[in-house]
Amino acid sequence: MKQKKKTSGGLLRSREFSLLIVLIVLCALIQLRNPQFLTANVINSIFKNYAYTMVLAFGMLLVLLIGGIDISVGATLAFCGMAGSLLMKNGVLPNCFTVYLFTTVMGFCCGTLIGLVIAKGKVIPIIATLGFMYIYRGLTYVISDSTWVGIAYMLTDFKDFAQNSLLGVNHLVCITVVVFLIFFFFLKWTTFGRQIYAVGSNAEAAEISGIKIAKIKILVYAICGAIAGLCGAMYTGYYATAQNDMAVGAEMDVIAACVIGGVSLTGGQGSAVGVLMGAITIAIIGKSLSMVGIGAFWQQALKGAIILLAVVVNVLVQRGMDRRSLEGREI
Amino acid sequence: MATKSGRTIEYEKKRSLKATLLRWETLLIFILLAVNIMNVSISPNYLNLYNLFTNVSSFLVKGFIAFPMAYILLLGDIDLSVGATVCLASTFLGITYNSTHSIGLAILVCLVISVLCGAFNGLVLTRFTELAPMIVTLATMTLYRGFSEAILGDTSTKGMRDVAWFANLYDGRIGPVPYIFLVFVLLAVVFGLVMHRTVFGRQMYAIGANKTAAVYSGVKVQKLRMIVFTLTGFICGLSAIFYCSWMGSVKNDIADGYELEAISMCVLGGISTDGGKGNFPGVIIAIFIIGLLRYGLGLINVNSQTIRIIIGALLIIVVMAPNLRPKTRARRRKAA
């Protein structure tokens with residue numbers, strides 16, 4: 001048993017390693033085509049642009065780990081971001097910190113509602129979040145009366161926060177790093193983190209061993225919501241506007257980032273490091289295609305092709321590894 | 001009927017009133033009635049047959065897709081690329097027409113492309129069975145829509161409605177009944193019969209309920225999945241033809257969100273996304289519930305965003321409602 005655990009740990013590590021190699025090759029290819037790519041300026045802008053995708057991916061990781069899915073993150077982001085911006089416009093939220101706090105708490109509430117419907121109402125996650133995607137996106141339009149909050153109404157310190165940096169690193173990137181570290185430690189070394197894995201790999205066994213599945217589920221969706229809320233503030237701060245259709249389809253990028261990062265959609269498999277690398281891959285693909293001279297209209301097709309290729313290669317690598325580990329055990 | 005062992009096997013389903021009333025489809029029919037009553041009370045013009053059919057045809061264009069989507073969900077799979085497939089097929093229809101001026105050829109190309117799109121999904125999913133259908137079709141969704149973006153850029157391709165008989169596909173009627181409605185009924189009957197009355201249909205249920213068991217009992221699971229995904233492509237092609245005949249112009253953002261609408265219709269119709277559960281008549285009723293609800297709310301100038309909230313809430317509440325009840329029933333059964 002102990003032996004088996006060790007090999008599966010090794011597998012996981014080598015899987016992230018193989019992703020790292022793919023990432024390095026990708027960067028090298030782009031660098032060959034365009035020497036401007038690996039400069040501090042470009043890298044900084046990649047991370048800044050995609051900070052919210054990366055942060056969202058960690059929330060999605062939790063949901064995927066328990067075998068669920070949340071396709072309402074984009075809508076939650078828009079709803080919370082819009083609500084925060086409107087309150088800022090009306091002077092209810094006096095400074096940058098309160099905006100971030102408000103959107104996060106609001107996202108937590110939105111997520112809790114989703115969690116309750118899934119855990120207590122026994123609605124399949126994709127249906128529940130599909131419904132809430134409609135609801136939250138609709139509510140975004142309703143609360144804003146289909147208008148948008150322009151740059152003039154944003155607080156100066158809120159706008160500046162998203163542009164300024166700490167020790168040369170943009171604040172949004174700092175948030176990404178902090179969230180990553182929290183998730184990394186939390187998933188690896190806390191009881192709650194391990195319980196999430198337990199629920200994802202075998203819910204029945206987890207329940208028998210005394211884990212309150214409903215509680216875990218609600219909390220996981222709530223955290224995912226809180227993350228989406230936080231991203232709402234990051235998004236509106238970065239673009240200095242709050243629009244009704246912001247982050248439409250963000251969930252697709254986020255799920256793709258998780259899957260490329262080795263998270264299984266059936267639950268119980270995946271790590272924060274993998275997701276970070278998956279998200280970086282998505283960010284690089286999204287940002288660099290124009291840098292290697294691919295026209296704007298081809299970018300989406302190529303992005304789809306690359307995602308498809310990445311998951312297929314992942315499967316082939318996994319098959320190879322499984323075969324090798326079977327040979328190792330002389331079966 | 002008593003067998004040798006003395007057990008009784010009922011080989012005929014009980015058809016009690018209570019069982020009929022508790023069926024999902026009965027609930028849906030009540031909702032549909034409620035929607036219709038609401039619509040009639042909103043606008044006395046609602047029952048004008050001509051107007052009603054005009055509206056019905058507009059949502060049937062995407063209603064088609066719910067049929068193969070029901071099959072896919074029944075198998076325990078999902079297909080997010082249907083909207084993009086419709087878009088790509090329409091794009092090819094448009095550009096083929098504009099370069100050859102032969103609408104027949106354009107329709108052929110459109111169908112070939114859509115079948116290829118579906119078959120490609122099926123091919124990837126059956127070759128790499130470890131891959132989750134959600135992520136594969138997510139990628140192909142981006143890919144197909146990306147292709148039409150690459151082909152069209154930010155322009156649109158139009159002119160298809162200049163061909164009278166092609167425009168007539170959508171506009172044409174027999175009496176008050178539009179052709180598209182007849183096609184819909186025909187497809188509904190075929191899809192319904194295949195799902196409930198053929199070996200193919202039973203095999204789909206078997207796969208959805210337990211894939212491993214299905215494999216061991218000799219069902220060709222991967223072949224079946226391949227057929228269903230290809231069929232989905234074909235129906236998307238049909239939808240694309242009607243879309244072009246309706247709008248006469250194609251941009252790269254058309255048919256956006258069809259996948260989620262089709263899934264909503266199926267789920268509201270009682271098809272479980274876990275696979276193996278659901279009946280076809282429910283899907284047909286659900287298509288009309290969602291379509292007519294939109295129409296009715298539109299009549300009283302509810303804006304489209306509020307309609308979206310209502311449909312989202314309806315979806316969740318309808319799916320959740322039966323789950324909140326059975327606790328008491330299970331307890332009663334335990335006591336008995």
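**Close-up views of a predicted two-chain model**

**View 1. Where chain B meets chain A.** Let's start at the contact: 37 residues of chain B touch 36 residues of chain A. Keep in mind that this is a predicted model. Which elements of chain B give two or more residues to this side? They are α7 (133-152), α13 (258-268) and α15 (304-324) of chain B. Sort the residues on chain B's side by class and you get 22 nonpolar, 10 polar and five charged.

**View 2. Two helices of chain B crossing.** Here we look at α5 (residues 82-100) of chain B packing with α13(B). Two packed helices are described by the angle between their axes and the distance between the axes. For this pair, the angle is about 130° and the axes are 6 Å apart. Angles from 65 to 115 degrees count as roughly perpendicular and those over 145 as roughly antiparallel, so α5(B) and α13(B) are oblique to each other. Who does the touching? On the α5(B) side look for B:V82, B:G83 and B:V86, and on the α13(B) side for B:Y258, B:E259 and B:A262. By class, this contact has four nonpolar residues, one polar and one charged.

**View 3. Chain B as a whole.** Stepping back, chain B has 16 helices and four strands. Of its 336 residues, 45% are buried. Now take the contacts in chain B with a separation of 6 or more: 77% of them link residues 24 or more positions apart.

**View 4. The buried side of a helix in chain A.** Over in chain A, find helix α7 (residues 156-163), where A:F158, A:F161 and A:A162 are buried. Why do these three end up on the same side of α7(A)? They cover an arc of only 90° around the axis, and that puts them there together. An α-helix has 3.6 residues a turn, so residues three or four places apart point the same way. The partners that the buried residues of α7(A) pack against are α4 (73-89), α5 (96-119), α8 (171-189) and α11 (213-239) of chain A.

**View 5. Inside the largest nonpolar core.** This core has 211 residues, and A:V55 and A:M234 are the ones that touch the most other members. Its largest share, 17 residues, comes from α11(A). Zoom in on A:V55: which residues is it in contact with, leaving aside neighbours within four places in sequence? The list is A:I175, A:T176, A:V179, A:I227, A:L230, A:C231 and A:M234.

Key:
Residues numbered from 1 in each chain as written. Chains lettered and ligands numbered in written order. Predicted model: local features only at pLDDT ≥ 70, side-chain atom pairs only at ≥ 80, totals over all residues. Contact = placed C-beta atoms within 7 Å. Nonpolar A, V, L, I, M, F, W, Y, C, P; charged D, E, K, R; others polar. Axes fitted to C-alpha atoms, helices over the stretch in contact; angles between N-to-C directions. Parallel < 35°, antiparallel > 145°, perpendicular 65-115°, else oblique. Buried ≥ 20, exposed ≤ 12 C-beta atoms within 10 Å, placed from the backbone. Arc of directions from axis to C-beta. Core = buried A, V, L, I, M, F, W, Y, C linked by C-beta atoms within 7 Å.
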